[in-house]
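Please look at the sequence and the three-dimensional structure shown below.

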Amino acid sequence: MRMAINKLEAETIFHSYHLKKTKSRVRVLTILASKDMAIARPVIARKMKDVNRATLYGVLLALEAKGVIYKIFDLRGTAHYAICSFNQNSIGPPLYMHFNCLRCKKIYCLNEPDLPLILLPAGFKTVVFILCIKGTCRKCNKKLSNKIQ
């Protein structure tokens, strides 16, 4: 599990992305940093009951537009959000790999994917690379194997 973002880290992120630091933005980052998986927008909304939907939508939109967070859709079309990698030393566009469990419907963020170089046709430029793998997660596989035994 990821560690919560402290105030100094939040300030650094907002400063480097030229975003005003607000309580709602800090809360969204804290919620996203608390899990090792992408979190569904309705789950974020439940954790921020005191913030109206328009404000939450605006926060998610602003953070996504600046590249602080990114959005991925689950098998039902529900938007899930996760924090972008802040590794300034990486070469090339950001790479995000996810595992979408077909049983429990959770989306796991897979860190440090080991993928071969993918070459695009001449004239194409990658801005971000998002790969989603579908299957059954470790917990669901364990439950399945326990049922069989």
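Three salt bridges are counted in this chain, where a salt bridge is a side-chain nitrogen of Lys or Arg within 4 Å of a carboxyl oxygen of Asp or Glu. The model is a predicted one, in which local features need pLDDT of at least 70 and side-chain atom pairs count only at pLDDT 80 or more, while totals for chains, interfaces and linings use all residues. Residues are numbered from 1 along each chain as its sequence is written, and side-chain values use heavy atoms, with hydrogens and water left out.

One of these salt bridges joins the side chains of Glu11 and Lys21, with an N to O distance of 3.1 Å. Glu11 belongs to helix α1 and Lys21 to the loop between α1 and α2, so the pair links distant parts of the chain, ten residues apart; helices here are DSSP runs of H or I with at least four residues, strands are runs of E with at least two, and both are numbered from the N terminus.

Another salt bridge is formed by the side chains of Arg27 and Asp50, at 3.0 Å from N to O. Because Arg27 lies in helix α2 and Asp50 in the loop between α3 (41–47) and α4, this pair ties together parts that are 23 residues apart in sequence. Arg27 counts as partly exposed, with 28% relative accessibility, whereas Asp50 counts as exposed, with 62%. A further salt bridge connects the side chains of Lys71 and Glu64, at 3.8 Å from N to O. Lys71 is partly exposed at 28% relative accessibility, and Glu64 is partly exposed at 27%.

The strands may be considered next. Strands of a sheet pair through backbone hydrogen bonds, either parallel or antiparallel. In this analysis, two strands pair if DSSP finds at least two bridges between them. What is the order of the strands in the open sheet of three? The order is β1-β3-β2, and the pairing is antiparallel. Strands β1 (39–40) and β2 (69–73) stand at the edges and have a single partner strand each, so one side of each is left without a neighbour in the sheet. Between β1 and β3 (residues 79–83), the antiparallel pairing extends over two bridges; Ala40 has His80 in β3 as its bridge partner.

Two helices lie across strands of this sheet. Helix α2 (residues 23–33) lies across β1, β2 and β3 and runs at about 90° to β3. Helix α4 (residues 53–65) lies across β2 and β3, and its direction is at about 110° to β2. For such angles, axes are lines fitted to C-alpha atoms, for helices over the stretch in contact, and the angles run from 0 to 180 degrees between N-to-C directions. Contact means heavy atoms within 4.5 Å.

Asn100 stands opposite Ile107 in β5. The two strands, β4 and β5, form a hairpin with five residues between them. Within the loop between β4 (95–101) and β5 (107–110) is Lys105, which is partly exposed at 28% relative accessibility.

The backbone angle phi deserves attention here. Most residues other than glycine have a negative phi, and most peptide bonds are trans. The position of His18 is in the loop between α1 (7–16) and α2, and His18 counts as exposed, at 67% relative accessibility.

Finally, consider the chain as a whole. It holds five helices and six strands, and from the N terminus on its elements run α-α-β-α-α-β-β-β-β-β-α. Of its 149 residues, 32% count as buried. Among contacts with a separation of 6 or more, 63% are between residues 24 or more positions apart. The chain exposes about 10400 Å², of which carbon and sulfur atoms supply 57%; accessible areas come from the Shrake-Rupley method with a 1.4 Å probe, and for residues only the protein chains shown count as cover.

Key:
Buried < 20%, exposed > 50% of the residue type's maximum accessible area, 1.4 Å probe, protein only.
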